[in-house]
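User: I would like to go through this model and ask what stands behind each label. Please set the values against the cut-offs.

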Amino acid sequence: RNIKSAEPPPQWESTPVPAAFDPEFDQECVLDVIDAASSQLEVTIWNAKDTNPQTGFWGECILNLSKLIPYAGNIIEQDFDVKQGKQFKTDIPACGKLMLQIMFQTQEQIEASAMEETQETQNSSILSAGTSGNTPQQG
């Protein structure tokens, strides 16, 4: 969410995983961020079977995206302490760790990557066209 904006933040919801002592979500998402310098990534953890915020909310992790700017284009892996929520208060103490792999990319990096992919596609098309002719037959 953008701290300075009244706009609702982009949201993404993971697919629920079976009950486990140490669940692994292993899911990916892409979120567009307009202003990383004033935005946060807020990850909230819920019990998918319990829709009551008092009992179904397990905790949250908040990351200021401005801290990622110097590492743009790199994959960062970090463990975050799951903490009691600011928005949702429960009597159940939050605990545990959430491991995130994050790659923050600037608009310029995204455009350069798209251009590289386009170039690779064009090169493979040229290569394919160059090798698609008749091959000599042995007689």
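**Labels and their cut-offs**

Analyst: Lys97 and Asp81 are joined by a side-chain salt bridge, with 2.5 Å from N to O. The two partners come from distant parts of the chain: Lys97 belongs to strand β4 (residues 97–103) and Asp81 to strand β3 (residues 75–81), 16 residues apart. The model is predicted, so local features need pLDDT of at least 70 and side-chain atom pairs count only at pLDDT 80 or more, while totals for chains, interfaces and linings use all residues. Residues are numbered from 1 along each chain as its sequence is written, and side-chain values use heavy atoms, with hydrogens and water left out.

User: Why is the contact of Lys97 and Asp81 called a salt bridge?

Analyst: The term requires a side-chain nitrogen of Lys or Arg within 4 Å of a carboxyl oxygen of Asp or Glu. The N to O distance between Lys97 and Asp81 is 2.5 Å, so the pair meets the criterion. In general, side chains of opposite charge can pair when their charged atoms come close. A search of the whole structure finds one salt bridge.

User: Why do Lys97 and Asp81 get their accessibility labels?

Analyst: Buried means under 20% relative accessible area, exposed over 50%, and partly exposed in between (1.4 Å probe, protein chains only). Lys97 has 59% and therefore counts as exposed. Asp81 has 42%, so Asp81 counts as partly exposed.

User: How do you know which residues Ala94 touches?

Analyst: Contact means heavy atoms within 4.5 Å. Not counting residues up to four places away in sequence, Ala94 touches Trp58, Gly59, Val82, Lys83 and Gln84. Ala94 is in the loop between β3 and β4, and its C-alpha lies 5.8 Å from that of Trp58, 36 residues apart in sequence.

User: Is Asn47 buried, partly exposed or exposed, and why?

Analyst: Asn47 is partly exposed, because its relative accessible area is 25%. Asn47 sits in the loop between β1 and α1 (53–56). Leaving aside neighbours within four places in sequence, Asn47 contacts Gly56 and Trp58. Between Asn47 and Trp58, eleven residues apart in sequence, the C-alpha distance is 7.0 Å.

User: Which label does Pro93 get, and why?

Analyst: Pro93 has a relative accessible area of 63% and therefore counts as exposed. Pro93 lies in the loop between β3 and β4.

User: How many helices and strands are there?

Analyst: The protein chain has two helices and four strands. Helices (H or I, at least four residues) and strands (E, at least two) are DSSP runs, numbered from the N terminus. From the N terminus on, the order is β-α-β-β-β-α. Helix α2 covers residues 107–130 and includes Gln107. Gln107 is partly exposed because its relative accessible area is 48%.
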